[in-house]
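Open the structure in a viewer and keep the sequence beside it. The tour below says what to select at each stop and what is there.

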Amino acid sequence: MSIATERTEGATEDLLALAERVAGWADAGEEVEVYVARGTETEVRAYDGEVESLTSATSAGIGIRVVVDHRLGFAWAGSLDESVLGETLAEARDNARFATADEHVQLAVPDGREAVPVDLWDEGLAAIPTARKVELALALEALARGADPRIRQVDAADYGDVASESALVSTTGIRSSSRKTSGYLSVGVIAGEGESSQTGGGYSVGRGFDGLDPARACDDAVTRAVRLLGATKGPSGRSTIVFDRRMATTLLSIVSSALSGEAVAKGRSFFAGRIGEQVGHPGLTLVDDPTDHRAYGAAAYDAEGLACRRNVLIDSGVLQGFLYDTVSGSRAGVASTGSAVRGGFAGTPGPGCRALTLAPGPEGYDEDGVLSAVGEGLFVQSMTGVHSGVNPISGDFSVGAEGLMIRDGKLAEPVREITVASTLQRMLLSLVAVGADVEWLPSIAAGQTLAIGDMQISGA
Amino acid sequence: MIDTPVLERVLAEALRNGGDFAEVFAEDRSNSSAMLDDGRVEELSSGRERGAGIRVVTGETTGFAHTADLSERGLLRAAEAASAVARSGGGSRPADVGHLSGSAAPGDRGDRRAPTTGTKSEALELLQRADEAARASGDAISQVQAGFGSSRRRVLIANSDGLLAGDEQSRTRFSVSCVALADTGMQTGYQTAARTLGFELFDEVSVEELARTAAAQALAKLSARPAPSGELPVVLAGGSGGILFHEACGHGLEADHILKDASVYAGKVGQLVASPLVTLVDDGTVGSEWGTFQIDDEGRPAQRNVLIEDGVLTDYLWDYLRARKEGRVSSGNGRRQSYRDLPMVRMTNTFLLPGEDDADEIVAQTPRGVYVAKLGGGQVNTATGDFVFGTTMAYLIEDGKITEPLRDANLIGNGPEILKRIDAVGTDFSMTPGTCGKDGQSVPVGCGQATMRLTGVTIGGTAE
């Protein structure tokens with residue numbers, strides 16, 4: 001058993017014990033991995049000065065992977081009741097019988113890498129009474145409603161928090177646990193002036209209750225809605241696009257799917273076979289580092305129980321490598337990069353990013369700095385149709401956009417009902433500026449203002 | 001799932017501190033899926049979950065709690081948590097809970113073949129057949145992924161109005177996605193079949209045909225040119241073009257958006273909001289379509305609702321809570337992803353009734369434009385009406401003929417404006433399944449229309 005995976009934290013001990021007990025039911029000749037998770041959540045939605053809904057809930061579940069003769073079976077249950085544990089293992093075992101034998105199919109084994117501890121648990125959250133959470137949601141709603149005379153509706157003002165714990169134990173020597181809390185405020189407003197209505201959303205996130213900032217969430221939402229009032233369909237043409245920090249996280253998340261070792265191995269990435277090649281502008285350096293505790297996706301262990309680590313993916317525009325879990329790594333003839341992620345107990349692990357950032361440009365620009373460097377172009381503050389108009393396999397990129405024109409290095413008139421298009425391959429090469437204004441947004445990627453040249457705007 | 005006397009006691013507990021309405025929604029769901037990728041059956045997965053969501057409505061406030069513990073003790077605890085809002089203010093009068101009437105037994109719809117160990121091997125055979133058919137479609141097909149998924153969901157709903165209802169819903173889907181590779185790069189094709197049926201879906205659907213269609217899209221796009229940029233007439237082929245209506249107006253007609261004045265269609269009942277060729281229906285009772293059910297997740301029978309008739313807005317879509325505010329009854333559109341979620345107003349199967357034009361003629365009478373054979377998805381901002389929808393298979397129309405394939409792109413428009421630009425609707429109606437996401441919850445829906453033409457839409461390609 002590895003030293004790295006020995007570290008545990010009090011409250012999850014019972015989950016570890018449970019996972020260990022179930023893993024102990026493995027038959028001879030089979031590998032079993034047991035993932036158990038438990039969580040509590042509170043959500044308050046305020047509307048028009050009242051509580052529209054208050055949700056409080058607890059949930060728990062188990063996901064079991066069984067590997068027999070290089071065949072994988074999986075089963076899960078939304079409960080940790082004694083009666084379902086054995087059933088779930090039996091079902092995973094039965095499923096394994098049907099899979100194709102594949103020499104690369106295996107569970108993770110400890111790799112000796114020590115985990116970097118990251119503290120993601122806010123001890124104080126559990127003690128916050130529901131009444132204070134309700135007050136905060138109501139305060140957020142009132143703040144947004146009164147923020148500007150042009151705000152004619154606050155259609156959602158939410159407070160939410162989640163505390164989750166998980167444990168992972170396998171017959172191959174993995175034993176890890178983690179726990180994490182998070183809190184958020186989010187608000188959506190509609191601004192109106194004459195015939196024009198525009199919307200904006202804002203949020204504030206943290207590890208718990210303290211530090212959530214209603215003013216920040218509100219200002220963000222109101223600014224976004226109000227500055228779009230009077231927007232018209234912008235003109236068509238080629239332009240440099242400045243993506244605000246929130247949009248930049250979306251762009252990086254899209255690019256990340258092409259950096260998955262699984263996508264590469266299966267011929268679904270335009271990066272396949274290009275390691276060592278110049279795939280981006282020399283100013284583009286992209287790193288995934290979940291050990292950075294400031295990152296929203298920070299984690300000590302990956303979803304297979306290996307230590308998370310810093311992985312450099314693109315350095316000065318040159319493709320360095322991909323992210324792997326155990327199976328995709330084996331397929332590529334390399335070790336896991338500690339990059340397994342999973343969507344809770346009902347999902348199986350696969351490689352993915354947790355904490356992507358771009359190295360800031362040497363100029364140290366903030367948003368204003370990027371705008372002024374760009375001079376003329378389009379500033380995009382929201383995108384739609386990312387799931388329907390971006391194809392991370394072919395690289396085709398076409399999204400609906402709203403924002404403001406950039407004139408003389410400053411934000412000018414608002415535009416809406418336009419699309420911006422290019423290909424992901426071309427966008428990486430057409431980088432104009434990367435801001436130093438790194439903000440850890442609730443995403444697998446950091447936010448930092450990005451300027452990309454030579455994109456096509458379709459409008460009037 | 002839960003005995004009636006227990007339900008009555010839980011509802012009484014939920015209203016013990018006051019409140020206008022209480023409801024227990026219990027669900028027992030099993031899922032199974034299998035995935036073939038890269039020529040191998042990589043993963044079979046089975047899942048099971050059951051639990052109950054309890055809500056208590058007091059004035060304008062809803063308290064909600066859910067639990068995976070279906071014992072009386074677990075349910076009572078959730079009822080107490082859900083009633084905390086009533087306790088902290090609002091109602092003070094303990095409300096009466098009537099006796100439950102009705103039946104929690106699901107309606108009889110004949111035998112449904114549940115996924116069992118027997119069907120696992122049948123599913124694998126289907127996956128392998130799809131893989132072979134796709135790969136046989138052309139040497140350039142470089143990768144194939146085929147997926148099978150089925151779910152069986154028993155629901156039980158009891159509320160303080162005395163309603164007791166139950167249903168059993170089986171859904172099965174099969175999808176194939178292909179990658180084609182050439183000097184021009186990689187292109188993708190995707191096709192799915194999904195119905196509110198058990199394994200008998202495959203009596204109706206040929207997996208080979210799905211695979212060949214997906215492969216043909218990927219192959220055709222290898223020689224695709226960049227989509228145009230700017231406004232052009234667009235002809236949408238029957239089927240997936242229904243996404244246009246789902247986004248351009250369907251979401252905007254959901255009463256939760258209407259009552260918050262967060263929709264461009266608020267206050268417009270009785271007004272002309274679309275071309276007179278448009279009669280739009282949302283209907284949860286259609287055959288075995290993907291958005292079909294017997295009762296919604298509030299126990300209300302599915303029904304047919306006409307939303308727009310000859311271009312005139314006739315009504316919105318309603319769930320229990322929003323209907324109650326307006327003193328009317330739900331239209332059977334209260335749905336939720338699972339027992340862990342509050343119900344919301346959701347679409348079921350939303351479609352444009354067929355018109356009288358010949359589909360081929362519509363194309364022939366379009367001198368220049370874009371023919372969209374398949375849409376992949378879309379998104380709308382209901383407050384502004386601006387929406388996008390993405391093409392996954394489109395062609396240029398030149399001199400009234402479908403010519404060169406185009407690379408994927410989003411189209412963008414404003415709902416109320418676009419609906420007025422429909423100038424031809426064909427007779428070749430068909431439906432397509434989709435997954436609709438709203439406020440973090442996903443539910444299965446159907447979309448449909450016949451071939452139709454829009455006089456102008458902005459196409460977000462890269463070709464100037």
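Predicted model: local features only at pLDDT ≥ 70, side-chain atom pairs only at ≥ 80, totals over all residues.

**Stop 1: where chains A and B meet**

Show chain A and chain B together. Their contact takes 62 residues from chain A and 67 residues from chain B. On the chain A side, select strand β2(A), residues 50–68, which gives the largest share, 10 residues. What kinds of residue make up the side of chain A that touches chain B? They divide into 20 nonpolar, 31 polar and 11 charged.

β2(A) and β3(B) pair in the parallel sense, over 5 bridges. To find one point on this pairing, pick L54(A), which stands opposite G63(B) in β3(B).

**Stop 2: a hairpin, then another**

Stay in chain A and select strand β5(A), residues 175–193. This strand is mostly covered, with 14 of its 19 residues buried. Strand β4(A), residues 151–170, pairs with β5(A) in the antiparallel sense over 17 bridges. G160(A) is found opposite Y184(A) in β5(A). The two strands form a hairpin with 4 residues between them, and G173(A) in the turn has a positive phi of about 105°.

Which strand do 11 bridges join to β5(A)? It is β6(A), residues 196–206, and the two run antiparallel. E193(A) has S196(A) in β6(A) as its bridge partner. β5(A) and β6(A) also form a hairpin, here with 2 residues between them; in the turn, G194(A) has a positive phi of about 60°.

**Stop 3: one residue in β4(A)**

Select A163(A), which lies in β4(A). Is A163(A) buried or exposed? A residue counts as buried if 20 or more other C-beta atoms lie within 10 Å of its own. A163(A) has 21 other C-beta atoms within 10 Å, so A163(A) is buried. Leaving out residues up to four places away in sequence, A163(A) touches G39(A), T40(A), L125(A), A126(A) and T181(A).

**Stop 4: two packed helices**

Two packed helices are described by the angle between their axes and the distance between the axes. Select helix α3(A), residues 130–145, and helix α4(A), residues 214–226; they pack at an angle of about 35°, with their axes 9 Å apart. The crossing of α3(A) and α4(A) is right-handed. Show the side chains where they meet: the residues include L136(A) and L140(A) in α3(A), and C218(A) and V222(A) in α4(A). By class, this contact has 11 nonpolar, no polar and no charged residues.

**Stop 5: a helix in chain B**

Move to chain B and select helix α1(B), residues 4–14. Its buried residues are L7(B), V10(B), L11(B), E13(B) and A14(B). They cover an arc of only 160° around the axis, which puts them on the same side of α1(B). Among the elements that cover them are β1(B), residues 21–37, and α2(B), residues 72–82.

**Stop 6: an open sheet**

The last stop is an open sheet of 6 strands in chain B, in the order β11-β10-β9-β14-β21-β20, with mixed pairing. Why is one side of β11(B) and of β20(B) left without a neighbour in the sheet? Both stand at the edges, each with a single partner strand, so one side of each has no neighbour there. β20(B) pairs with β21(B), residues 441–449, in the antiparallel sense over 9 bridges. Finish at C436(B), which stands opposite V443(B) in β21(B).

Definitions and conventions. Residues numbered from 1 in each chain as written. Chains lettered and ligands numbered in written order. Contact = placed C-beta atoms within 7 Å. Nonpolar A, V, L, I, M, F, W, Y, C, P; charged D, E, K, R; others polar. Pairing = 2+ DSSP bridges. Buried ≥ 20, exposed ≤ 12 C-beta atoms within 10 Å, placed from the backbone. Arc of directions from axis to C-beta. Axes fitted to C-alpha atoms, helices over the stretch in contact; angles between N-to-C directions. Left-handed = near helix turned anticlockwise from the far one by under 90°.
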